[in-house]
Protein chains: 4
Amino acid sequence: MRKKIVGVMGPGDKATEVDVQHAYRLGELIAQQGWILLTGGRKSGVMDAVNKGAKSANGLTIGILPTDHQKDISEAVDIAIFTDMGNARNNINVLSSDVIIACGMGAGTVSEVALALKANKQVILLNNDAESKIFFKKLSPENVHVVESVSEAIAIVQKILI
Amino acid sequence: MRKKIVGVMGPGDKATEVDVQHAYRLGELIAQQGWILLTGGRKSGVMDAVNKGAKSANGLTIGILPTDHQKDISEAVDIAIFTDMGNARNNINVLSSDVIIACGMGAGTVSEVALALKANKQVILLNNDAESKIFFKKLSPENVHVVESVSEAIAIVQKILI
Amino acid sequence: MRKKIVGVMGPGDKATEVDVQHAYRLGELIAQQGWILLTGGRKSGVMDAVNKGAKSANGLTIGILPTDHQKDISEAVDIAIFTDMGNARNNINVLSSDVIIACGMGAGTVSEVALALKANKQVILLNNDAESKIFFKKLSPENVHVVESVSEAIAIVQKILI
Amino acid sequence: MRKKIVGVMGPGDKATEVDVQHAYRLGELIAQQGWILLTGGRKSGVMDAVNKGAKSANGLTIGILPTDHQKDISEAVDIAIFTDMGNARNNINVLSSDVIIACGMGAGTVSEVALALKANKQVILLNNDAESKIFFKKLSPENVHVVESVSEAIAIVQKILI
């Protein structure tokens, strides 16, 4: 049986303080559940924080990098997959995750949520932006889950992964 | 001097009647301006209609296909680029277009608009969905242009391509 | 009916003088036959020379770029497809060509010939390296054609494209 | 410190009996060294055998799949990365490996060795095909290592990874 992979997507440089806090806590809880964490792997914002959270709880972390080199990788990534395909790698991020949590929102995150829905994946939105919730909930009422807390996000992942 | 490329993105099977009418007319006008048309190339919805419109006005049409085979290609595509990379090809669509028109909206189109904005491209939204307009206009106030008609879309493309 | 596309692959910086002369002449003849030329699009070696040859005979030229920016593009490319996926774009080069001519040989060219054979495409080897001929002819006796001159290469393309 | 990743490439359906035996033994030894195994992930030939070998020694195995679905995956893959990009994923295979072992040879393997050399990676050839050895050794005398046994391959990996 392959292990379950939870993808956490979210902004890099433009992540808010709250996004980063959420991300770190998500990482801890994902690791404690025995799930593997998958992110875009960069040393920035949500990606970096969630990887650090997962490693603080001895989780296993995979980073799908947009580049082919060693720069700008979160030090908390255990396994670096080098795609050298820029943001086209966003599709790999979502296809390789059993479920996706969007922690905050930026243009890259929007593309990941959309590609996940296109692939008929379940997506959990954890953030405070009313427009995103309304927009994605209308785009895919069945596959989009809007949550208000990290623990609520984890509870939904548990249900989806059973 | 390389010719200018206008990308038209939009839903396939889920395109509305209005989306398809808009798309055909967009194709005609793009061809009349001497621009090259670029789409996702499939024989469906907006992609098929805009290619047909462009060919009716003797334009040149490029299709960036998600597959590696001859099925499901719009017959109005002159040049088929076979990526065999599914929706990851959406990033190629937008990177290869000098400007992008989103004609209608579906999950694939959302990913293309988001990837275009991530790549700092100008995007014109031509559709009737209030949530999309509000969402994308907030995501990128400077690079998103909301229009109500095909002729308005073309007028903005003209300004951008000068 | 879509136009026929001939892909010409070959080394960039490491192209020999003979490779470059062959490439320019190939471009002229491909354009004269009414075929579209497809290359990796860079301003270097075989890619640049074959595009120049094609434009000298008023052909149409497509470049599948490894990058997402305007640098290092052959000025003789009419249509630039920006993949931003480095050498993974080599697979797109061969999938999008109806037949492939390898003009000279380098590591990138080897990958393109191999990917073309994997996709069951016909490949014409135009070069002077005995090891390449022996190696690829053994790898795929039916799909590899070894030629000694540009005109012989074009004659084989004609047969394949009928 | 990220763990070291050893990529093992080789034919699927066309793998010889010897290729498969080599692959299984390679997997065992890679796992025993504490290295992570990376392959193309399919349930076939060298890919399947090396993953099984690694799991028999409690290794960690990553499969970079060409598809987006659950079919044709080696059951001995722990972490499946779904690229949905066909053979373009071969570039990801080699970019993500610290060193590459080619166990046997087919068109896909040739593309991987070539892309690895293009990316300036060290490649170890473990097989019995004289033409491959001569061809690749000429293509890149410094980065290609020809070996005659599994243990010799592992010894070279050890030197490279120090």
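Buried means under 20% relative accessible area, exposed means over 50%, and partly exposed lies in between (1.4 Å probe, protein chains only). The model is predicted: local features need pLDDT of at least 70, side-chain atom pairs count only at pLDDT 80 or more, and totals for chains, interfaces and linings use all residues. Residues are numbered from 1 along each chain as its sequence is written, chains are lettered from A and ligands numbered from 1 in the order in which they are written, and side-chain values use heavy atoms, leaving out hydrogens and water.

**Exercise 1. Describe helix 1 of chain D: its span, its buried residues and what they pack against.**

Step 1. Take the span. The helix covers residues 17–32, which is 16 residues. From first C-alpha to last, helix 1 of chain D reaches 23 Å, close to the 22 Å expected at 1.5 Å a residue. The expected span is 1.5 Å times one less than the number of residues.

Step 2. Pick out the buried residues. They are D19(D), H22(D), A23(D), L26(D), G27(D), E28(D), L29(D), I30(D) and A31(D). Keep the helix geometry in mind. An α-helix has 3.6 residues a turn, so residues three or four places apart point the same way.

Step 3. Find the neighbours. These buried residues pack against strand 1 (5–9), strand 2 (36–39), helix 2 (45–56), strand 5 (99–103), strand 6 (123–126) and helix 6 (150–161) of chain D.

Step 4. Look past the end. G34(D) follows the helix, and its phi is positive, near 85 degrees.

**Exercise 2. Which residues of chain D does L65(D) contact?**

Step 1. Locate L65(D). It lies in strand 3 (residues 61–65) of chain D.

Step 2. Check accessibility. L65(D) has a relative accessible area of 1%, so L65(D) is buried.

Step 3. Read the contacts. Neighbours within four places in sequence are left aside. L65(D) then contacts G40(D), G41(D), R42(D), D72(D), I73(D), A80(D), I81(D), F82(D), T83(D), D84(D) and R89(D).

Step 4. L65(D) and Q158(D) are 93 residues apart in sequence and 27 Å apart in space, C-alpha to C-alpha.

**Exercise 3. Where does S97(D) lie, and is S97(D) buried or exposed?**

Step 1. S97(D) is in the loop between helix 3 (89–95) and strand 5 of chain D.

Step 2. The relative accessible area of S97(D) is 1%, so S97(D) is buried.

Step 3. Beyond four places in sequence, S97(D) touches I5(D), V6(D), G7(D), M9(D), L38(D) and K121(D).

**Exercise 4. Find the non-glycine residues N58(A) and D84(B), and state the phi of each.**

Step 1. Recall the rule. Most residues other than glycine have a negative phi.

Step 2. Take N58(A). Its phi is positive, about 60 degrees. N58(A) lies in the loop between helix 2 (45–56) and strand 3 (61–65) of chain A. N58(A) is exposed, with a relative accessible area of 72%.

Step 3. Take D84(B). Its phi is positive, about 55 degrees. D84(B) lies in the loop between strand 4 (79–82) and helix 3 (89–95) of chain B.

**Exercise 5. In which sense do strands 6 and 7 of chain B pair, and how does the chain cross between them?**

Step 1. Two strands pair if DSSP finds at least two bridges between them. Strand 6 (residues 123–126) and strand 7 (residues 144–147) of chain B pair in the parallel sense over four bridges.

Step 2. Find a facing pair. L125(B) stands opposite V146(B) in strand 7.

Step 3. Follow the chain. From strand 6 of chain B, the path runs through helix 5 (residues 130–139) to strand 7, and this β-α-β crossover is right-handed. Right-handed means that, with the strands pointing away from the viewer, the path from the first strand over the helix to the second runs clockwise.

Note on methods. Helix = DSSP H or I, 4+ residues; strand = E, 2+ residues; numbered from the N terminus. Contact = heavy atoms within 4.5 Å.
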